[in-house]
Structures are given as structure tokens and as C-alpha cells.
Amino acid sequence: MMRQASAVLAGRCMYETMRFWDSPERETGTDEVERDFAQAWRETPKIVFSTTLRQVGFNARLVDDDAENTVRTLKAHADGLVILGGADLAASLMRAGLIDEYRLYMHPVVLGGGKPYFQSGLSLALKPLGTESLTQGVTLLRYAPAG
């Protein structure tokens, strides 16, 4: 999926988590899938939405205001998928009607914390687009806004 992306949108927390893949050493990892992902991550432009960060790393641009207009402009000119990561950013773009598809990756792991994917107070009707069984027991659930 990362190879199909024209851009990655991320909030501060998600971006800082994903910076792990910025290191060129990740491209020499032991797993072919991880090497491929690391290379694709480094090649894909990132837009980071944050009011607290002052700088971002390789192939990334920092936006500290007006996420909605930035995303509208990007979607109008993007040639490929625009991937979104980060619960707070996702919630604001959901409210603005700027998300075309939701991809939920269900991992066989139980977690006891973190931010909910769909924040409370959001009314969101979804229609299923399909499911796919991925390696390592992961199931991809795809949905679109129903309306």
C-alpha cells in the first residue's frame, strides 16, 4: 500500500512513531517485507500536522494550521493514495468529510490503552467495501462513508 501512496498525512504522535523507518539502516534489515516498507516509507512524501513540533525529518513537511484546506488541496492534486495516520488528525478530517476510505487492520493482539480509532461524539455511518486476510493473521477491513 505504501508504494501506491502519493503522500502520508500524520499527526505528531504517529509521525514520531513512524520515524523509526526513516533510518537508511532499516533498508538493510533481515526481513524482505520490512526492507521494502522502509524504502517505500522514505520515498513517500509526508505531511506532518503539529503545533508543537518545530522541524521534521527527511522527505517531510510540517503544517501547523489549517489541516482541512491543506488536505483538500492535496486531494485535488494527488496522483495516488493519500494515507492518513493519527487519531486526532483522523477525527478532524472525518468531521470535515475528507476521508474516502477507512482501512482497519485487525491484529490478533489485545491492547489495554491508546486512543480510540473513532473518537466519541463522532457519528459515522459506514458501508463495507470488503475484507482481506493478510499474512501473520491480520485481517484488513475496508469501509467507505455511507452517504
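## A polar contact at Thr-44

A polar contact is a pair of N or O atoms within 3.5 Å; within protein, one atom must be able to donate a hydrogen and the other to accept it. The model described here is predicted. In it, a polar atom of the Thr-44 side chain lies 2.7 Å from the backbone oxygen of Ala-40.

Thr-44 belongs to the loop that runs between helix H2 (32-43) and strand S2 (46-49). Is Thr-44 buried or exposed? Its relative accessible area is 4%, and the cut-off for buried is under 20%, so Thr-44 counts as buried. Apart from neighbours within four places in sequence, the residues in contact with Thr-44 are Met-2, Ala-5, Ser-6, Ala-7, Val-8 and Asn-59.

The largest nonpolar core contains 15 residues. Leu-9, Ile-47, Phe-49, Val-71, Leu-89 and Leu-93 are the members with the most contacts inside it. Strand S1 (5-11), S2, helix H3 (67-77) and helix H4 (87-95) are the elements that give two or more residues to this core. Which element gives the most? H4 does, with four residues.

Leu-9 shows how these parts come together. Not counting residues up to four places away in sequence, Leu-9 touches Ile-47, Phe-49, Val-71, Leu-74, Val-82, Ile-83, Leu-84, Gly-85, Leu-89 and Leu-93. There is also a second, separate core of nine residues, and among its members are Ala-5, Val-8, Met-18 and Ala-38.

## Helix H4 and what follows it

In H4, the buried residues are Ala-87, Leu-89, Ala-90, Ala-91, Leu-93 and Met-94. These buried residues pack against S1, S2, H3, strand S4 (81-85) and S5.

Just after H4 comes Gly-97, which takes a positive phi of about 70 degrees.

Strands of a sheet pair through backbone hydrogen bonds, either parallel or antiparallel. Here an open sheet of three strands has the order S5-S7-S6, and its pairing is antiparallel. Which strands stand at the edges? They are strand S5 (102-106) and strand S6 (126-133). Each of these has a single partner strand, so one side of each has no neighbour in the sheet. From one strand to the next, the twist averages 20 degrees.

S6 and strand S7 (residues 139-145) pair over seven bridges, and five bridges join S5 to S7. Tyr-143 in S7 stands opposite Pro-128, and Tyr-143 is also the bridge partner of Tyr-102. Elsewhere in S7, Thr-139 stands opposite Ser-133. S6 and S7 form a hairpin with five residues between them. Within that turn, Gln-136 has a positive phi of about 65 degrees.

## Salt bridges

How many salt bridges are there? The count comes to eight. One of them joins Asp-22 to Arg-19, with the closest N and O atoms 2.6 Å apart.

Another salt bridge is formed by Glu-68 and Arg-72, where the closest N and O atoms are 3.6 Å apart. Both residues lie in helix H3, four residues apart, about one turn of the helix. Glu-68 has a relative accessibility of 35% and so counts as partly exposed; Arg-72, at 37%, also counts as partly exposed.

## A link to the sheet, and a network

The side chains of Glu-101 and Arg-142 meet in a salt bridge at 2.6 Å, N to O. Where do the two residues lie? Glu-101 is in the loop between H4 and S5, while Arg-142 is in strand S7. They are 41 residues apart, and the pair links distant parts of the chain. Glu-101 is partly exposed at 27% relative accessible area, and Arg-142 is partly exposed at 28%.

Arg-3, Asp-36 and Glu-43 are linked in a network of salt bridges.

Terms used: Residues are numbered from 1 along each chain as its sequence is written. This is a predicted model: local features need pLDDT of at least 70, side-chain atom pairs count only at pLDDT 80 or more; totals for chains, interfaces and linings use all residues. Side-chain values use heavy atoms; hydrogens and water are left out. Buried means under 20% relative accessible area, exposed over 50%, partly exposed in between (1.4 Å probe, protein chains only). Contact means heavy atoms within 4.5 Å. A nonpolar core is a set of buried Ala, Val, Leu, Ile, Met, Phe, Trp, Tyr and Cys residues joined through side-chain atoms within 4.5 Å. Two strands pair if DSSP finds at least two bridges between them. Axes are lines fitted to C-alpha atoms, for helices over the stretch in contact, and angles run from 0 to 180 degrees between N-to-C directions. A salt bridge is a side-chain nitrogen of Lys or Arg within 4 Å of a carboxyl oxygen of Asp or Glu.
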